[in-house]
Amino acid sequence: MHLLRVQVPEFRALKDVDITFEKELFPKVFPLGSLNGGGKSTLLQLIFTLLHCSDSEERQIYLLNLLKIAKIESNSEIKTLAKIDIYHEGEIVCLEFICLRNVFSEEPSDKLAELISNIEEEQNIRQVCKISWTQYERESLFCYVEGMIGTQISLFLSNLSSKVFLAAPPTQVFLFLERDDNRALFQAQKNHDSFKIHDAILSAKSKLPGFFTYDFVSVDLILEAFQKAINLDFKEYLETGNYGENVNKLISEYNLLLLDKQIALIPDESGKLTKIAFKLNSNNGKTINLGPEDFSHGELKRLSIYSWIKNCNMTDAIVLMDEIEIALHPDWQYQIVNDLVEWSPGNQYILATHSYELCQALTPAHVKEIEPRLLKQSANS
Ligand SMILES: Nc1ncnc2c1ncn2[C@@H]1O[C@H](COP(=O)(O)OP(=O)(O)OP(=O)(O)O)[C@@H](O)[C@H]1O
Ligand SMILES: [Mg+2]
């Protein structure tokens, strides 16, 4: 899957956004820049929520939270939230996410009339979710795809949703969460409300397999990856009489990543893998044992991205990453482009960033920008 083009007429800070991520460009890594508040996080979250949640009833709540932000003005009936073109297996599929109010005027516009007829004939359109504002006022989100009927759209969205990922810092405001949960971010340390946002993010992670925050939970991911490798090696033993090489391979990969440290697997008394540790060979020839809590911020960030990408088994995926450069030295900001391609080739990466070094690792054509169209132009500009 390749996100080819995204158009957003108007959504929060986004106005007339039209960005193309050319499929001919290699590597498939696209930095996305703007001023602070320019709409990068908004755009990544909008794309992620629409593409990851539109084919699942359990995830509808996250779309509804978006609709609450994008409520149609009371004087209109129809609003395009986003148009997203996906390149898949040699074809371009154009998805249009449209909000419709249940209150239609007596003379609907041509576009509205066409949509109503499509809805009635179940052609090219599928209802994604609906929300009741009042007893009489409802709004529905539809996905319109030229050339597909309802069930084909469902199949496509279902496949697409498993190929879309979002990574962001845990201190980010997430538009797909409840507004009240996000507000709790600002009451941190005051009362138990500070746990509310943490719980909301954890709950979202359990329902949105593509959602990841760069935090220290990565240790669990590492353990999970090794447990999978152990199981695979044991399976191979049962089938062939020889243990597989999966654990050794994973140890080598982690050691390569960790540069001056080596990973160590620590079993409990029953032999079950419960802990990982790291060994550092110091200058005086001594080996120092370290836990993940002894790592630097940047080291943990790189480790957590690597563990996430490896653990999700991403193939042919659209990976949206916000503020990837935070905590990384400029050398690592430059290096992360190659790292991503090496860790999981074949994916498309869209990286919201302020990092000059990261952009320098690519050609100018790779670097996309959200222009500040909502800002008032000064009289002499
Ligand atoms: N309803 C709204 N209409 C217009 N703008 C809004 C609305 N709600 C929030 N905003 C603005 O949208 C911007 C949020 O954009 P966003 O977080 O996506 O920016 P960003 O490019 O990720 O910035 P940063 O680089 O600082 O992370 C803020 O400036 C915010 O004030
Ligand atoms: Mg941001």
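**Sheets, helices and a ligand shell in a predicted model**

Analyst: In this predicted model, Lys279 has Asn289 of strand E12 as its bridge partner.

User: Which strand is joined to E12, and by how many bridges?

Analyst: Strand E11, covering residues 273–281, is joined to E12 by four bridges, and these two strands run antiparallel.

User: What is the strand order in that sheet?

Analyst: The sheet is open and has three strands in the order E10-E11-E12, paired antiparallel. Strand E10 (261–267) and strand E12 (287–290) each have a single partner strand, so they stand at the edges, with one side of each left without a neighbour in the sheet. On average, and with direction ignored, neighbouring strands here are turned by 35° against each other.

User: And which strands does helix H8 lie across?

Analyst: Helix H8, made of residues 246–258, lies across E10 and E11, and its direction is at about 140° to E10.

User: Switching topic, what is the order in the sheet of six strands?

Analyst: That open sheet, also with antiparallel pairing, has the order E2-E1-E4-E5-E7-E6. Its edge strands are E2 (14–20) and E6 (123–132), each of which pairs on one side only. Neighbouring strands in this sheet are turned by 15° against each other on average, direction ignored.

User: How many bridges join E5 to E7?

Analyst: Seven bridges join strand E5 (residues 91–101) to strand E7 (residues 138–149), and the two run antiparallel. Within E7, Phe142 is the residue that stands opposite Ile98.

User: Which strands does H2 lie across?

Analyst: H2 lies across E5, E6 and E7, and runs at about 80° to E6.

User: How do H1 and H2 pack, in terms of angle and axis distance?

Analyst: Helix H1 (residues 40–53) packs against helix H2 (residues 60–69) at an angle of about 140°, and their axes are 9 Å apart. The two helices are therefore oblique to each other, and H1 passes H2 in a left-handed crossing.

User: Which residues make that contact?

Analyst: From H1 the contact is made by Leu46, Thr49 and Cys53, and from H2 by Gln60, Tyr62, Leu63 and Leu66. By class, the contact residues are five nonpolar, two polar and no charged.

User: Last one: which residues surround ligand 1?

Analyst: The residues around ligand 1 are Arg12, Ala13, Ser34, Asn36, Gly37, Gly38, Gly39, Lys40, Ser41 and Thr42. This shell divides into one nonpolar, seven polar and two charged residues.

Methods. Residues are numbered from 1 along each chain as its sequence is written. Chains are lettered from A and ligands numbered from 1 in the order in which they are written. This is a predicted model: local features need pLDDT of at least 70, side-chain atom pairs count only at pLDDT 80 or more; totals for chains, interfaces and linings use all residues. Two strands pair if DSSP finds at least two bridges between them. Axes are lines fitted to C-alpha atoms, for helices over the stretch in contact, and angles run from 0 to 180 degrees between N-to-C directions. Two residues are in contact if their C-beta atoms, placed from the backbone, lie within 7 Å. A residue is near a molecule or strand if its C-beta atom, placed from the backbone, lies within 6 Å of it. Ala, Val, Leu, Ile, Met, Phe, Trp, Tyr, Cys and Pro count as nonpolar, Asp, Glu, Lys and Arg as charged, and the others, Gly among them, as polar. Angles under 35 degrees count as roughly parallel, over 145 as roughly antiparallel, 65 to 115 as roughly perpendicular and the rest as oblique. A crossing is left-handed if the near helix is turned anticlockwise from the far one by less than a right angle, and right-handed if clockwise.
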